[in-house]
Amino acid sequence: MPDADTLFREALPLADKIAGGYANIPGMTVDDVRAVAHAALHRAALAFDPARGAFEAYAARAIRNALNSLHQKGVRHARQHLPEADLALAAFTTTGSTAPSQQLPDEFQDVLSQVRSQESRRVLENLLATLPARTQQILALVAEGHSYAEIGERLGVSKQAVHKAAAAALGSLHEQLAAQGFGGLDTQGFLRTATR
């Protein structure tokens, strides 16, 4: 088994890739986010036990957990330390008056959900792109709500063939997600970190 330094060096591209999805943390530069990802990777390399499975999946979970914590702290800090002008505006808008800026969206509202949604979409799109075009077409039709029989009729194959292709593709996607440290989708449609 490689030592911690080797594990760390070999997984640096993974850390940088994950950090790239967290570039919009309030008050943090890209270099700050990358440094947190590298620190989480280093801790993961030191604590890794081969009995836990592949290092990449373990490291990916550790990095995402650290960056999610950093993101939550950044959002809380930004909300607690709004400039005084924003506080005055908030007081103005809560008194029943209507200011033109009331219609502007809160830039910090649900930022974590946006980041998780973007990451989930990016990961799933990358994995789907690895599937054959026919399989992608089948999964797209399933996602639209078509039955296996309808898809089979449209593609000129039996519904059993469609079911077999869809089940194999979903099984493959699940395995690939697990290899990247994900345990499937949560109830909001976000990829969830696998737990052991």
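**Aromatic cluster and helix contact**

Phe 55 counts as buried because its relative accessibility is 5%, under the 20% limit that defines burial. The model is a predicted one.

**Aromatic rings**

- The structure contains two aromatic pairs.
- In the edge-to-face pair, Phe 48 and Phe 55 lie 5.1 Å apart centre to centre, with 80° between the planes.
- Phe 48 and Tyr 58 form a tilted pair, with 5.5 Å centre to centre and 50° between the planes.
- This second pair links distant parts of the chain, for Phe 48 lies in the loop between α2 and α3 (55-80) and Tyr 58 lies in helix α3, 10 residues apart.
- Phe 48 is buried, with a relative accessibility of 11%, and Tyr 58 is also buried, with a relative accessible area of 13%.
- Ring pairs join Phe 48, Phe 55 and Tyr 58 into a cluster.

**Contact of α1 with α2**

- The crossing of α1 past α2 is right-handed.
- On the α1 side, the contact is made by Ala 4, Leu 7, Phe 8, Ala 11, Leu 12, Ala 15, Asp 16 and Ala 19.
- On the α2 side, the contact is made by Val 33, Arg 34, Ala 37, His 38, Leu 41, His 42, Ala 45 and Leu 46.
- The residues of this contact comprise 12 nonpolar, two polar and two charged.

Conventions. Residues numbered from 1 in each chain as written. Predicted model: local features only at pLDDT ≥ 70, side-chain atom pairs only at ≥ 80, totals over all residues. Heavy atoms only, no water. Left-handed = near helix turned anticlockwise from the far one by under 90°. Helix = DSSP H or I, 4+ residues; strand = E, 2+ residues; numbered from the N terminus. Contact = heavy atoms within 4.5 Å. Nonpolar A, V, L, I, M, F, W, Y, C, P; charged D, E, K, R; others polar. Phe/Tyr/Trp six-rings, centres within 6.5 Å; stacked < 30°, edge-to-face > 60°. Buried < 20%, exposed > 50% of the residue type's maximum accessible area, 1.4 Å probe, protein only.
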